[in-house]
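Biologist: I would like to go through this model with you. Could you take my questions one at a time?

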Amino acid sequence: MGGDVCRVDPLARGLEERSMPNSDAIVLGLFFIAVAVIYVLPTVVAFRRRHPNRYVILVINVAFGGTIIGWGIALAWALHAVHRPKDAPSGGESGLNLFINDPKKVQLVEPPPLPPSTGQELERLHRLLAEGALTQAEFDGLKAKLISA
């Protein structure tokens, strides 16, 4: 009994392995592509929506996207509803492009004092009303004219 041994040339076997696609490599490649697409999703959303802070979202996504928290923050910011006033630039009222509508400082001011002549005239009209020389309707009409002038 002689055993016939089938010999396979190692070089030919290597060529056969290289020419046939490896299903594990394809699956791994598709997995990495899917991870990359999910990783840049906040940036894609921000740019598609023309978000005024899209470049800041890009930086946060690239720098901190590996931490799930950074990725979540970037995605939430990209999906956040943007209120854009019609007359304001896309960077917010301050133009800093950090927040859409920067809070404006509001200062309450006293109304300007009436000129002395107006104040004196109001006192005179009030005195005439108190003396009965003017009716309430006449006083109100003259006072409205005086204040609006």
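Biologist: Which helices do the buried residues of α4 pack against?

Modeller: The buried residues of α4 pack against α2, α3 and α5. Helices here are DSSP runs of H or I with at least four residues, strands are runs of E with at least two, and numbering starts from the N terminus. Buried means under 20% relative accessible area, exposed means over 50%, and partly exposed lies in between, with a 1.4 Å probe and protein chains only.

Biologist: What should I know about the source of the values?

Modeller: This is a predicted model, in which local features need pLDDT of at least 70 and side-chain atom pairs count only at pLDDT 80 or more, while totals for chains, interfaces and linings use all residues. Residues are numbered from 1 along each chain as its sequence is written, and side-chain values use heavy atoms, with hydrogens and water left out.

Biologist: How many helices and strands are there in the protein chain?

Modeller: The protein chain has 7 helices and 0 strands. Its pattern along the sequence reads α-α-α-α-α-α-α. Of the 149 residues, 17% are buried.

Biologist: Back to α4, then. Which of its residues are buried?

Modeller: In α4, the buried residues are R54, I57, I60 and N61. They lie on the same side of α4, because they cover an arc of only 120° around the axis. The arc is that of the directions from the helix axis to the C-beta atoms. The face turned away from that buried side carries the exposed residues Y55, V59, V62 and A63.

Biologist: Why do residues three or four places apart point the same way?

Modeller: An α-helix has 3.6 residues a turn, so residues at that spacing point the same way.

Biologist: At what angle do α4 and α5 pack?

Modeller: Helix α4, residues 54-64, and helix α5, residues 68-79, pack at about 160°, with their axes 8 Å apart. That angle makes α4 roughly antiparallel to α5. The crossing of the two is left-handed. As for the terms, axes are lines fitted to C-alpha atoms, for helices over the stretch in contact, and angles run from 0 to 180 degrees between N-to-C directions. Angles under 35 degrees count as roughly parallel, over 145 as roughly antiparallel, 65 to 115 as roughly perpendicular and the rest as oblique. A crossing is left-handed if the near helix is turned anticlockwise from the far one by less than a right angle, and right-handed if clockwise.

Biologist: Which residues make the contact between α4 and α5?

Modeller: From α4 they are V56, I57, I60, N61 and F64, and from α5 they are G70, W71, A74, W77 and A78. Contact means heavy atoms within 4.5 Å. The residues of this contact divide into 8 nonpolar, 2 polar and no charged. Ala, Val, Leu, Ile, Met, Phe, Trp, Tyr, Cys and Pro count as nonpolar, Asp, Glu, Lys and Arg as charged, and the others, Gly among them, as polar.

Biologist: Which residues of α3 are buried?

Modeller: In α3, residues 41-48, the buried ones are P42, T43, V45 and A46. Their arc of only 165° around the axis puts them on the same side of α3. They pack against α2, which is 23-39, as well as α4 and α5. V45 has 17% relative accessibility, and V45 touches A78 and L79, leaving out residues up to four places away in sequence.

Biologist: A change of topic: where does R50 lie?

Modeller: R50 lies in the loop between α3 and α4. At 56% relative accessibility, R50 counts as exposed. Phi of R50 is near 55°, a positive value in a residue other than glycine. Most residues other than glycine have a negative phi.
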